[in-house]
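Trainee: I would like a close look at one part of this chain, with the surroundings it sits in. Could you walk me through it?

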Amino acid sequence: MKTLVLGASLKTERYSFKAISMLQEYGYSVVAHGLRVGNIGNVTISKELIAYEDIDTITLYLNPKRQEEFYEYIILLKPRRVIFNPGTENPVLYKLLRDNGIDYDEACTLVLLRTNQY
């Protein structure tokens, strides 16, 4: 299962950084998109929108306004699910996902991992 972290940050105090680190620790395959290129462990954060073909989960770390420019990209990737971490909840995107047969959860990636529910 490959996870895309959308809204990745190189700042160690950010939850997206912690999620990338923890996903790797738990053995998940991770790719990341952010505003700055860099590495977190074995994961390179890309500024380019890469057309991955095997994304199972997208975990969001962007507020609803910043998500708008990624709507088409998210739908194009056809993930099995999208996780809306706290602060990223977005009813407009929920509807787009539903209309395209993509599941979504309002949850915290870190909690899901720690409780073996990821």
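A word on the source before we go on. This is a predicted model, in which local features need pLDDT of at least 70 and side-chain atom pairs count only at pLDDT 80 or more, while totals for chains, interfaces and linings use all residues. Residues are numbered from 1 along each chain as its sequence is written, and side-chain values use heavy atoms, with hydrogens and water left out.

Now to the place itself. Tyr52 sits in the loop that links β4 (43-46) to β5 (55-60); helices (H or I, at least four residues) and strands (E, at least two) are DSSP runs, numbered from the N terminus. If we set aside neighbours within four places in sequence, Tyr52 is in contact (heavy atoms within 4.5 Å) with Leu4, Val31, Tyr73 and Leu77. Take Val5 as a further reference point: 47 residues separate Val5 from Tyr52 along the chain, and their C-alpha atoms are 12 Å apart.

Strands pair if DSSP finds at least two bridges between them. Strand β2 (residues 29-34) runs parallel to β4, joined by two bridges, and His33 stands opposite Ser46 of β4. Strand β3 (residues 38-40) runs antiparallel to β4, with three bridges; here Asn39 has Thr44 as its bridge partner. Two residues lie between the strands in the hairpin of β3 and β4, where Gly41 adopts a positive phi near 60°. As a general point, side chains in a regular strand alternate between the two faces of the sheet.

Stepping back, the chain holds five helices and seven strands, in the order β-α-β-β-β-β-α-α-β-α-β-α from the N terminus. Its radius of gyration is 13 Å, close to the 13 Å of the globule rule for 118 residues, so the chain is as compact as a globular protein of that length. That radius is taken over C-alpha atoms, and the rule is 2.2 Å times the number of residues to the power 0.38. Among contacts between residues at least 6 apart in sequence, 53% join residues at least 24 apart.
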